[in-house]
Amino acid sequence: MRYLTVGISFLFVFFMALGQENVQNNTQKSSNPPKTEIEKEIRRLEQLREEIKKLIAKNQQILNQIKEERKKLQQEKKELEEFQKKLQSEKYKKLAKVFEKAVDEDPELAAERISKIKDPKEAAYILFNMKESKAGILMDYMDPTVADKIVRILTNLKSPKNSPLESQ
């Protein structure tokens with residue numbers, strides 16, 4: 001009987017150990033997904049990687065287009081500014097001719113009109129484009145304070161660093 005109880009106890013412990021081993025195997029199987037699921041996940045991630053690469057390439061293309069457009073706009077802006085300077089220069093040359101004729105007819109009236117120009121820079125640009133002799137006659141008849149402002153502007157224009165219309 002003793003052997004029987006030892007045998008039964010042994011069998012009981014053996015089956016208990018075998019049952020625990022099965023439980024451990026089952027839990028390991030449930031925590032590790034099968035290879036097919038892993039392969040599916042890898043394929044999905046690779047597809048996502050390819051999509052991201054395509055998006056990056058597309059965005060890079062758009063960025064390059066934007067850079068090209070910016071360069072074009074900067075060039076057009078520069079050309080527009082040069083055109084505006086040219087127009088201003090032509091405007092002052094035409095006004096200078098008008099004032100030269102006015103000096104021939106009535107220097108006092110011409111001096112009064114150029115003195116009434118609100119911006120002394122504009123008056124200075126007009127004088128800058130006039131013949132020196134006519135500009136001198138005009139300056140003789142001008143209000144001394146206005147003439148002083150214009151002379152100061154003209155001295156800056158006559159220096160090699162500054163050219164007409166740059167300070168506008």
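1. Overall layout. From the N terminus on, the elements of the protein chain run α-α-α-α-α-α. The chain has six helices and zero strands. Helices (H or I, at least four residues) and strands (E, at least two) are DSSP runs, numbered from the N terminus. This is a predicted model, in which local features need pLDDT of at least 70 and side-chain atom pairs count only at pLDDT 80 or more, while totals for chains, interfaces and linings use all residues. Residues are numbered from 1 along each chain as its sequence is written, and side-chain values use heavy atoms, with hydrogens and water left out.

2. Of the 168 residues in the protein chain, 17% are buried. Buried means under 20% relative accessible area, exposed over 50%, and partly exposed in between (1.4 Å probe, protein chains only). Take the contacts in the chain with a separation of 6 or more: residues 24 or more positions apart account for 72% of them. Contact means heavy atoms within 4.5 Å.

3. Nonpolar core. The largest nonpolar core has 23 residues. Such a core is a set of buried Ala, Val, Leu, Ile, Met, Phe, Trp, Tyr and Cys residues joined through side-chain atoms within 4.5 Å. Those with the most contacts inside this core are Ile114, Ile126, Leu127, Met130, Leu138, Met142 and Ile150. Two or more residues each come from α2 (35-105), α3 (107-115), α4 (120-129), α5 (132-140) and α6 (144-158). The most come from α6, with six residues.

4. Ile126. Set aside its neighbours within four places in sequence. Ile126 is then in contact with Tyr92, Leu95, Ala96, Phe99, Ile114 and Ile117.

5. α2 against α3. The two axes come within 6 Å and cross at roughly 140°. That makes α2 oblique to α3. Axes are lines fitted to C-alpha atoms, for helices over the stretch in contact, and angles run from 0 to 180 degrees between N-to-C directions. Angles under 35 degrees count as roughly parallel, over 145 as roughly antiparallel, 65 to 115 as roughly perpendicular and the rest as oblique. From α2, the contact uses Phe99, Ala102, Val103 and Glu105; from α3, Pro107, Ala110, Arg113 and Ile114. By class, these residues are six nonpolar, no polar and two charged. Ala, Val, Leu, Ile, Met, Phe, Trp, Tyr, Cys and Pro count as nonpolar, Asp, Glu, Lys and Arg as charged, and the others, Gly among them, as polar.

6. α2 against α4. Here the axes come within 8 Å and cross at roughly 75°. That makes α2 roughly perpendicular to α4. Tyr92, Lys93, Leu95, Ala96, Phe99 and Glu100 of α2 meet Glu122, Tyr125, Ile126 and Asn129 of α4. The contact of α2 with α4 has six nonpolar, one polar and three charged residues.

7. Two sides of α3. Pro107, Ala110, Ala111, Ile114 and Ser115 are the buried residues of α3. They cover an arc of only 130° around the axis, which puts them on the same side of α3. The arc is that of the directions from the helix axis to the C-beta atoms. The face of α3 turned away from this buried side carries the exposed residues Glu108 and Arg113.

8. Two sides of α5. Lys134, Ala135, Leu138 and Met139 are buried in α5. Their arc around the axis is only 140°, which puts them on the same side of α5. Glu132, Ser133 and Asp140 are exposed on the other side of α5. An α-helix has 3.6 residues a turn, so residues three or four places apart point the same way.

9. Lys134. This residue of helix α5 deserves a separate look. Lys134 counts as buried because its relative accessibility is 17%. Not counting residues up to four places away in sequence, Lys134 touches Glu100, Val103 and Asp104.

10. Glu90. This residue is found in helix α2. Glu90 counts as partly exposed, at 36% relative accessibility. Glu90 and Asn129 are 39 residues apart in sequence and 9.7 Å apart in space, C-alpha to C-alpha.

11. Asp143. The loop between α5 and α6 holds Asp143. Asp143 counts as partly exposed, at 38% relative accessibility. Asp143 and Glu112 are 31 residues apart in sequence, with 7.8 Å between them in space, C-alpha to C-alpha.
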